[in-house]
Amino acid sequence: MIDETSMMWFQLRERRGSIHKRSKFLKDATSRRKTFAAAMQQFEEQMTAAKVVTPATGPVNLYYGLAQAGMAIAAAHAPGQWSFSSHGLQLCDTSPELADICVKPEGNGAFQVVASATGSSGIGGPVSIGGLWASLPDLCEQAPLPGADSPAALYVAPDLRSPMTIAGSGIAMTTFYHEPPAAKVHMKAEMPDPSRRQLWLHDLAERYPAFHGWKADPLWEEYERGGEPEFAIRIWLPGPVTKEPLPATEMGIILDKLAPEHLYRDDRYLRPSLEGGGKAAPSPLMTWWLLLYSFSMLARYQPRKWTDLLNLDKPGCATQLQYALEVALSAIPHLVLEALDGKPRLLSKPLLL
């Protein structure tokens, strides 16, 4: 049976012959068409090379593969400037621990052009590798980066309350009712004391811009997973109780504004701001772009530091880095395909054995 990554590459290759159906810019622009074709070929070859080399070199292939995919995306979808000749980014001081190293914008280069072409937020100043890592559900769920204390992407599940039972005149009746869109947000932490919860909710809204407009329910649930404390809060959009349920499609559109589905159907995540001030984080594609740019610059220009970070025989982040590079091999083709098509391509979540 063909795996999901192989199917992604099959679909990416198919787009090279059919992209004109999805792009109004490629029909009459020879330079764009030729650039698209060449860049997609280089994207695939760089990603293939990344599978063969070790993590010492892999980030260079991964980033430059993604940059070529970005050139193809811009050629297909950018209404104005679509070519670029610089990264548009710069790595800051590389002496701190990995989680604290920052990347910042520089001029108007590849990052800015592709972010604009895909409708993603950019960055206005330095953002840390730890913050980027924590904001990606692909990484923060399974492999948190040591030394990072940035807000992480939070798992969100749609939630409907159970029917309520009303006792009147000695007779118990069950009545069904439907509230405005509601969801449960799950936190990997100890639940705050009741006296601190209002302040905690205020801080949550500051860190997660999409939370604005939603209200917290008094329902707080504490539990453990894998021996670690977790808790959940119920949130909902203000509105009246209704007699009819909201259609699933409309419910999904509303929840997408809070926590879009990511990779798998029904897997929703509330992502934190990287810069504060209510600014949304870059899309997952552009967040991976920032991470892989940072890793590639370290691998190319700080090879001793990079290979030291990859040393499995000393405490640190070597395991997490190798995991991230493995995840990138499947995540990047998926996100590039979504960007070319201009819509999500959600997978069925595999069953856990």
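**Exercise 1. In this predicted model, how do the residues lining the largest pocket divide by class?**

Step 1. Sort the lining of the largest pocket: 29 residues are nonpolar, nine are polar and 11 are charged.

Step 2. The largest pocket holds about 1500 Å³.

Step 3. Go to its centre. Of the 49 lining residues, Pro137, Cys140, Glu141, Gln142 and Tyr269 are the closest to it.

Step 4. Find the main contributor. Helix H11 (residues 318–341) supplies the largest share of this lining, five residues.

**Exercise 2. Describe the second largest pocket, and state which element gives the most to its lining.**

Step 1. Start with the space: about 1100 Å³.

Step 2. Locate the centre. Of the 36 residues lining the second largest pocket, the closest are Pro260, Glu261, Ser283, Pro284 and Glu338.

Step 3. List the elements that give two or more residues. They are helices H4 (110–118), H6 (137–140), H8 (248–258), H9 (284–301) and H11, plus strand S10 (268–270).

Step 4. Pick the top contributor. H11 gives the most, with six residues.

Step 5. Classify the lining: 20 nonpolar, nine polar and seven charged residues.

**Exercise 3. Which residues line the second largest cavity?**

Step 1. Search the whole structure. Two cavities of 30 Å³ or more turn up.

Step 2. Name its lining: Trp9, Leu12, Arg13, Arg16, Met40 and Glu44.

Step 3. Assign elements. Helix H1 (4–18) and helix H2 (30–52) each give two or more residues. H1 provides the largest share, four residues.

Step 4. Check the classes. Three lining residues are nonpolar, three are charged and none is polar.

Definitions and conventions:
Residues are numbered from 1 along each chain as its sequence is written. This is a predicted model: local features need pLDDT of at least 70, side-chain atom pairs count only at pLDDT 80 or more; totals for chains, interfaces and linings use all residues. Side-chain values use heavy atoms; hydrogens and water are left out. On a 1 Å grid over the protein atoms alone, a cavity is a set of points where a 1.4 Å probe fits but cannot get out, and a pocket is an open set with protein on both sides within 12 Å along at least five of seven lines; lining residues have an atom within 4 Å of a point. Grid points are joined across faces, edges and corners, and a volume is the space filled by probe spheres set on the points. Ala, Val, Leu, Ile, Met, Phe, Trp, Tyr, Cys and Pro count as nonpolar, Asp, Glu, Lys and Arg as charged, and the others, Gly among them, as polar.
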